[in-house]
Amino acid sequence: MLILVVEHDYAMAEAVRLGLGIMNFCSVVVRSTYCALREWESGRYAAVLLDANLPDGNGLDLLARLRADGDTTPVIVMSGRSSKADKLRGLEYADDYVVKPFDLDELVARLKAVLRRSVHRTRAPKQIGNVVLRYASNEIVYEGQVYSLTEREFAIASCLVEAVGKVVNRDRIERSLFPQSELLESNALEVHIHNLRRKLGKSSINTVRGKGYRFGTIRAVS
């Protein structure tokens with residue numbers, strides 16, 4: 001399995017490359033947005049580890065552009081910025097966000113989790129009432145509109161939609177979607193829920209205090 005590592009710092013890039021090699025991942029390292037775009041568009045990478053700040057541009061801007069063009073490659077952003085605002089922006093397009101300096105074992109664990117979640121892309125679309133889940137493209141059709149989601153956003157949305165109006169316990173979501181739960185920051189789920197509400201509308205996901213979350217409105221189609 002081939003991983004694209006986009007990291008401008010030579011020492012960190014080499015450490016990540018060696019760490020991936022120990023875990024039986026092959027990787028290619030590039031250090032600029034120009035080279036990243038050229039490699040990325042080849043379509044041969046299972047996932048991308050993306051530095052947010054590169055010498056010739058912003059990694060998040062590159063990711064936003066590729067997402068707008070329909071690219072769904074799993075991406076983990078690596079950044080030295082740890083504020084909530086920076087994480088929210090990163091998770092708007094990426095599937096995970098790690099803050100430098102990070103533990104290599106944690107990075108690999110998160111990478112494996114992202115890759116596991118990408119398996120659902122082979123599933124056929126599924127309609128549940130007035131909602132359609134398009135697993136192959138991480139899209140949800142809701143209230144007549146098509147929304148493109150990140151891997152984790154789609155995983156959360158599909159979990160809630162498939163519960164058909166029932167409340168889904170927070171712990172259940174984290175156990176099923178984030179296998180390495182001990183590695184997560186305490187607000188990780190809330191960040192993704194925030195992004196989903198921003199995309200789908202504030203009423204798309206309801207918080208049931210003390211119990212969990214429920215997808216907003218699922219109506220039978222006549």
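Predicted model: local features only at pLDDT ≥ 70, side-chain atom pairs only at ≥ 80, totals over all residues.
**A Sheet, a Buried Valine and a Pocket**

Let me begin with one residue. Leaving aside residues up to four places away in sequence, Val 98 touches Ile 76, Val 77, Met 78, Ser 79, Leu 107 and Arg 110.

Where does Val 98 lie? It lies in strand 7, which covers residues 96-99. Is Val 98 buried or exposed? Its relative accessible area is 4%, and because buried means under 20%, Val 98 counts as buried. The bridge partner of Val 98 is Met 78. The strands concerned are strand 6, residues 75-79, and strand 7; they run parallel and are joined by four bridges. For a separation along the chain, consider Ala 136: it is 38 residues from Val 98 in sequence, and the two C-alpha atoms are 26 Å apart in space.

Five strands make up an open sheet, in the order 2-1-3-6-7, with parallel pairing. Strand 2, residues 26-30, and strand 7 are at the edges; each has a single partner strand, so one side of each has no neighbour in the sheet. On average, neighbouring strands of this sheet are turned by 20° against each other, with direction ignored. Helix 1, residues 10-22, packs on the sheet and touches strand 1 (2-6), strand 2 and strand 3 (47-51). The direction of helix 1 makes about 170° with that of strand 2.

Tyr 34 is found in helix 2, residues 33-40. Why does Tyr 34 count as exposed? Its relative accessibility is 57%, and exposed means over 50%, so Tyr 34 falls in that class. Between the C-alpha atoms of Tyr 34 and Gly 57 there are 8.7 Å, while along the chain these residues are 23 residues apart.

Finally, I come to the largest pocket. How much space lies in it? The figure is about 280 Å³. Helix 3 (59-68) and helix 4 (84-93) are the elements that give two or more residues to the lining of this pocket. The lining consists of 17 residues, and those nearest the centre of the pocket are Arg 67, Ser 148, Leu 149, Thr 150 and Lys 199.

Technical notes. Residues numbered from 1 in each chain as written. Heavy atoms only, no water. 1 Å grid on protein atoms, 1.4 Å probe; cavity = no way out; pocket = protein on both sides within 12 Å on 5 of 7 lines; lining within 4 Å. Points joined across faces, edges and corners; volume = space filled by probe spheres on them. Buried < 20%, exposed > 50% of the residue type's maximum accessible area, 1.4 Å probe, protein only. Contact = heavy atoms within 4.5 Å. Pairing = 2+ DSSP bridges. Axes fitted to C-alpha atoms, helices over the stretch in contact; angles between N-to-C directions.
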